[in-house]
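Me: I would like to go through the terms used for this structure and check each against its cut-off. Please set the value beside the definition each time.

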Amino acid sequence: MIKLYVFNIQPYLENDRWKQWLPLLPAKRRSRALSASPQAGARTAAAGWLLGYALSLEDIPREQQIFTENQWGKPMLAHRPSPHFSLSHSGMLVVCALGDSPLGVDVEEPRCTMKIARRFFSPDEVSFLESLSETDRREALNRLWPAKEAFVKALGTGFHTAPDSFAIRLTPSEAHLSQSITRQHFRLAEYRAGQYYICLCTRAQQEEIQYLVLDPQDAPQPKTAQRKASASP
């Protein structure tokens, strides 16, 4: 089963409540959180906390959560083939996906434009967008970008794979991948969380996806007695 965790950090911005996660974070992520603006710092800290929380539910305690990176900088667990994981955050939302097969997830606020599309999207995608009404075009733009980013994250390359080298084909209810980069097959699953657009890309063709909204009021509180992992994604 693939698990997709969705976490709204807004309640934790008040009085810098997000800083309660800092003792659990490795030094690198903690430093990034503290050097950023309050909202960006909260997202960075929340992503690290959420990943640690999700992995702990897979019987990997925080002290065993040691990370490494592939040649393109994609983080992964060291000394363990699975679970695979992917993190993303935008605005007030942080998401984390875990599964036994390679995957990628992206969440975006509605901000993609035709200027961005003409620069980064494939010719087929741009032609498709230009054929739509203004309202449908806005919706399609905001569906396409997270789908494209989710795929390159699932590949493990990020945007070392050119975003115009493959295409996402949209129907009113689904997104499908058209690519010749790899013989591996991927599927896309789209979600909406308020104004946010989320897309999960996975090589698991039939595996169930469990969508888990973590209620901030019910979220487990950090335990400062826990030891920190020695590296961070």
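Me: How many bridges join strand 1 to strand 5, and how do they run?
Reply: Six bridges join strand 1 (residues 2-8) to strand 5 (residues 93-99), and the two run antiparallel. Two strands pair if DSSP finds at least two bridges between them, so strand 1 and strand 5, with six bridges, count as paired. Strands themselves are DSSP runs of E, at least two residues, and helices are runs of H or I, at least four, numbered from the N terminus. Among the partners, Val6 is bridged to Val95 and Tyr5 to Cys96.

Me: What is the basis of the model and its numbering?
Reply: The model is predicted: local features need pLDDT of at least 70, side-chain atom pairs count only at pLDDT 80 or more, and totals for chains, interfaces and linings use all residues. Residues are numbered from 1 along each chain as its sequence is written, and side-chain values use heavy atoms, with hydrogens and water left out.

Me: What makes the pairing of the sheet mixed?
Reply: The sheet is open, has four strands in the order 4-5-1-11, and its pairing is mixed. Strand 1 runs antiparallel to strand 5 but parallel to strand 11, to which six bridges join it. Lys3 stands opposite Gln210 in strand 11.

Me: Why are strand 4 and strand 11 called edge strands?
Reply: Strand 4 (84-90) and strand 11 (209-214) each pair on one side only.

Me: Why is Lys74 called buried?
Reply: Buried means under 20% relative accessible area, exposed over 50%, and partly exposed in between (1.4 Å probe, protein chains only). Lys74 has 18% relative accessibility, so it counts as buried. This residue is in the loop between strand 2 (67-69) and strand 3 (75-77).

Me: Which backbone oxygen lies 3.2 Å from a polar atom of the side chain of Lys74?
Reply: That of Lys153. A polar contact is a pair of N or O atoms within 3.5 Å; within protein, one must be able to donate a hydrogen and the other to accept it, and residues adjacent in sequence count only if both atoms are side-chain atoms.

Me: How do you know that Asp106 has no salt bridge?
Reply: A salt bridge is a side-chain nitrogen of Lys or Arg within 4 Å of a carboxyl oxygen of Asp or Glu. The nearest side chain of opposite charge to the buried Asp106, Lys153, is 4.4 Å away (Lys and Arg count as positive, Asp and Glu as negative; His and the chain ends are not counted). The side chain of Asp106 does make a polar contact with the side chain of Ser88, at 3.0 Å.
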